[in-house]
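User: I'm new to reading protein structures. Could you walk me through this one, a bit at a time?

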Amino acid sequence: MSLVWSKIPKSPTIGTIAGRLTICPQPQYSAPVDPLVNHRAGEHLDPATPATRLTDERRSLLTANDLYLFNEGSHFHLYDKLGAHPATLQGVEGTYFAVWAPEAEQVSVFGTFNHWDPTRHPLHPCQFSGIWEGFVPGVGVGALYKFHIRSRHHGSVLIKTDPFARLNEIPPKSASVVWNLDYTWQDSNWMHTRARHNALDAPISIYEVHLGSWMRVPGEGNRSLSYREAAPKLIEYVQRLGFTHVEFLPLMDHPFFGSWGYQTTGYFAPSGNYGTPQDLMYLIDQLHQHDIGVILDWVPSHFPTDEHGLGRFDGSHLFEHADPRQGLHPDWGTAVFNYSRNEVRSFLISSALFWLEQYHADGLRVDAVASMLYLDYSRKEGEWIPNRHGGRGKPGGHHLLTATQRRNLSPPSGRADLCGRIHLLAVRVTPDVCGRIGLRHEMGHGMDA
């Protein structure tokens, strides 16, 4: 049984979404998850309020195939399914919310639309997937929200930013913002010819820039330029100096400005310090229209432990390893992603493709690759756990990088390969052949000058 989404007209208060709205499917497969986790999660739910359900049947963006691929670790477009999606259901405008929290006892969404009352809009578990979901009428673009999660672990309560948010508040505030990605791109000429610009035998000269400190506005408190303000100035500067590409230090949302973006909390949200998602699209669009390629730094190696972020998301070590010898980065005090967890791989590969597809990025520069590949990276003897073969290699990190690279280049897209900054490693940076890591462009520290 399915209902077709009504097409939503573009407006300042509501976005457009396409697809099918279905009953949350009964699983017809043997997924690699523990069904007891989600059976227990459902037992403690309060009945849904009328404001959450439009009928007695729960509606979902998730199909049985989505759930299977997600739990298998091979769903690479999760941003179309999880997070907050403005929509119209049976003529009623609102927003569909979905979040992964398998160790939760209760999950609700709360925000400006319900006076931050976590009892008003509970979400509901979608079978055995660990995903909680719900449709809230009357919620449109611009609404602030967070997830209120009661864990089965000692009944702890966590207030979390949406991992799939498309926009978040400017730090130190941390609420997510319901948003759409409507934008009319004008870079078709570049997109059709960029394979030539990004080819291995093409001349490439990359200008690396931290947007927040590259140029300031002294007359306005020495503030940073916005995405739109930076466009003409950066284009003129890059063209005058003869660079072919711009590499942005991480523009993904991050709570600590001093990290230069390398401690990411929003893997699907650009930093609100410089504007909206459409403002960043405009900057990339303008660079492309002037034949300048765009590379984005991307950090799938570790994340900060801020309370509103990914750490202990549902009261358990969901995204990170539980053992600090694997899950805590000794240099930065950040949490290390658990690549052996299928859903975490789906999350990260979806993030990579999100920036390449939705923001037209020409390539990603992967940060801290060495820490992704070696269990003993920056650890002394006795501070790390060998793999099952007794070695120091981290198979999950290798798998993540090769899987991301294959998705990046297939089908042929004209995008540049993933770039890696690799140190102290006996790893050859080559095309993805014979099982080797598919990172074709090596960037050394000379790029940081």
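Analyst: Let's start with an open sheet of four strands, in the order 4-5-8-7, with antiparallel pairing. The edge strands, pairing on one side only, are strand 4 (83-89) and strand 7 (124-125). Keep in mind that this is a predicted model.

User: Which residue in strand 8 is the bridge partner of Val99?

Analyst: Strands of a sheet pair through backbone hydrogen bonds, either parallel or antiparallel. Here strand 5 and strand 8 do it the antiparallel way. For Val99, the bridge partner in strand 8 is Trp132.

User: How is helix 2 oriented relative to helix 8: roughly parallel or roughly perpendicular?

Analyst: Helix 2 spans residues 64-72, and its axis comes within 6 Å of the axis of helix 8. Leu69, Phe70, Asn71 and Glu72 in helix 2 meet Asn342, Glu343, Arg345 and Ser346 in helix 8. The axes cross at roughly 100 degrees. Angles of 65 to 115 degrees count as roughly perpendicular, so helix 2 and helix 8 are roughly perpendicular.

User: Is Thr265 buried or exposed?

Analyst: Thr265 sits in the loop between strand 16 (252-253) and strand 17 (266-270). Leaving aside its neighbours within four places in sequence, Thr265 is in contact with Asp253, His254, Pro255, Pro304 and His308. Its relative accessible area is 10%. Buried means under 20%, so Thr265 is buried.

User: His154 has a positive phi; is His154 buried or exposed?

Analyst: His154 has that positive phi, about 65 degrees, although it is not a glycine. You'll find His154 in the loop between strand 9 (144-151) and strand 10. With 85% relative accessibility, and exposed meaning over 50%, His154 counts as exposed.

User: And Ala368, buried or exposed?

Analyst: Ala368 isn't a glycine, yet it has a positive phi of about 55 degrees. It lies in the loop between strand 21 (363-366) and helix 9 (369-373). Its relative accessible area is 14%, so Ala368 is buried.

User: Where is Pro172?

Analyst: The peptide bond from Pro171 to Pro172 is cis, with omega near 15 degrees. As for the place, Pro172 lies in the loop between strand 10 (157-160) and strand 11 (176-177).

User: Let's zoom out: what percentage of the residues count as buried?

Analyst: The protein chain has 10 helices and 23 strands. It exposes about 18,600 Å², with carbon and sulfur atoms supplying 53% of that area. Of its 449 residues, the percentage that count as buried is 56%.

Methods:
Residues are numbered from 1 along each chain as its sequence is written. This is a predicted model: local features need pLDDT of at least 70, side-chain atom pairs count only at pLDDT 80 or more; totals for chains, interfaces and linings use all residues. Side-chain values use heavy atoms; hydrogens and water are left out. Helices (H or I, at least four residues) and strands (E, at least two) are DSSP runs, numbered from the N terminus. Buried means under 20% relative accessible area, exposed over 50%, partly exposed in between (1.4 Å probe, protein chains only). Accessible areas come from the Shrake-Rupley method with a 1.4 Å probe; for residues, only the protein chains shown count as cover. Contact means heavy atoms within 4.5 Å. Two strands pair if DSSP finds at least two bridges between them. Axes are lines fitted to C-alpha atoms, for helices over the stretch in contact, and angles run from 0 to 180 degrees between N-to-C directions. Angles under 35 degrees count as roughly parallel, over 145 as roughly antiparallel, 65 to 115 as roughly perpendicular and the rest as oblique.
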